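Hi,

Here is the structure I said I'd pass on.

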Amino acid sequence: NNVGAKNAGAKLVKRNLSDIAAMGGYPSHALLTLLCGDNLRLEWLSDFIIGIKENCEYYKVLLVGGDISSIPPGQFSSVLSLYGYLEQEPLLRSGSKSGDTIYVTGSLGGSSISKHYDFLPRLAEGRWLAESGACSALIDLTDGIAKDLKELVPPQCAAYLTLERIPISEAAQKNASRSDCPPIEHAFCDGEDYELLFTIKEGFDTKIFEEAWAARFPKTALNKIGQMRHSNSEAPYINAVTGKDIIWTKGFEHFSE
């Protein structure tokens, strides 16, 4: 439907913006490529473009050009190449060390209900983290914390997580009510949360950091979920309370059967 077309256009912009946020960057300009079958309804395409246009304007992204080509009937593809810039060193995934504290924004799981398109890229939060000097590593959650957190775990370490602190969304609770999986598994594995997952360097006062965050971003929930520690286990995640390996290590797989 046309609402879906507009949401799809909006998501195309916002999911790219989330990648910019994950390095503490600023978006600048974009190129749009469309591949359209000759039976594509112009009304649908118009609403799709409106979704792109509105979000480019809102997030100050300049759409400077692109390309359009034909493909066989019944097919449609769109690619947005989004460019950005940094005003400081980029925040990478590889900067965390043993002793760093792990945080995540928002709530997790249940994206299939609506959040996979109805989300806000955490641009301001990412820039603030990059400028704070406190953050050691940063990533946005696209495939689920079960998969994406591995990118932040340093060598010879594991993420020791307090499961009770994992922020489970209401949508994850709904998904759990009609599946055989507990809500926390949905929070770990559903993917497309588009929240920020990051580590704060050992030595920074986490209470002061959390107070500064709350003052700057009162509408963006922040949850301290664990710590990076040296580990002899091959498991990337360990339950900080029980010391046992956490079984959820596979998030959303794009090419799984």
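Let's start with the second largest pocket, lined by Tyr 58, Tyr 59, Leu 120, Pro 121, Arg 122, Leu 123, Ala 124, Glu 125, Lys 219 and Thr 220. A pocket here is an open set of points on a 1 Å grid over the protein atoms alone, where a 1.4 Å probe fits, with protein on both sides within 12 Å along at least five of seven lines; lining residues have an atom within 4 Å of a point. Helix H3 gives the most to this lining, three residues (helices are DSSP runs of H or I, at least four residues, numbered from the N terminus).

Before going on: this is a predicted model, where local features need pLDDT of at least 70 and side-chain atom pairs count only at pLDDT 80 or more, while totals for chains, interfaces and linings use all residues. Residues are numbered from 1 along each chain as its sequence is written, and side-chain values use heavy atoms, with hydrogens and water left out.

Now the largest pocket. Its lining includes Tyr 26, Tyr 85 and Arg 127, and H3 again has the largest share, with three residues.

What does H3 meet in H7? Glu 125, Trp 128 and Leu 129 of H3 touch Phe 209, Ala 212, Trp 213 and Arg 216 of H7 (contact means heavy atoms within 4.5 Å). The axes of H3 (residues 123-132) and H7 (residues 206-216) come within 12 Å and cross at roughly 145°; axes are lines fitted to C-alpha atoms over the stretch in contact, and angles run from 0 to 180 degrees between N-to-C directions.

Cheers

Terms used. Helices (H or I, at least four residues) and strands (E, at least two) are DSSP runs, numbered from the N terminus.
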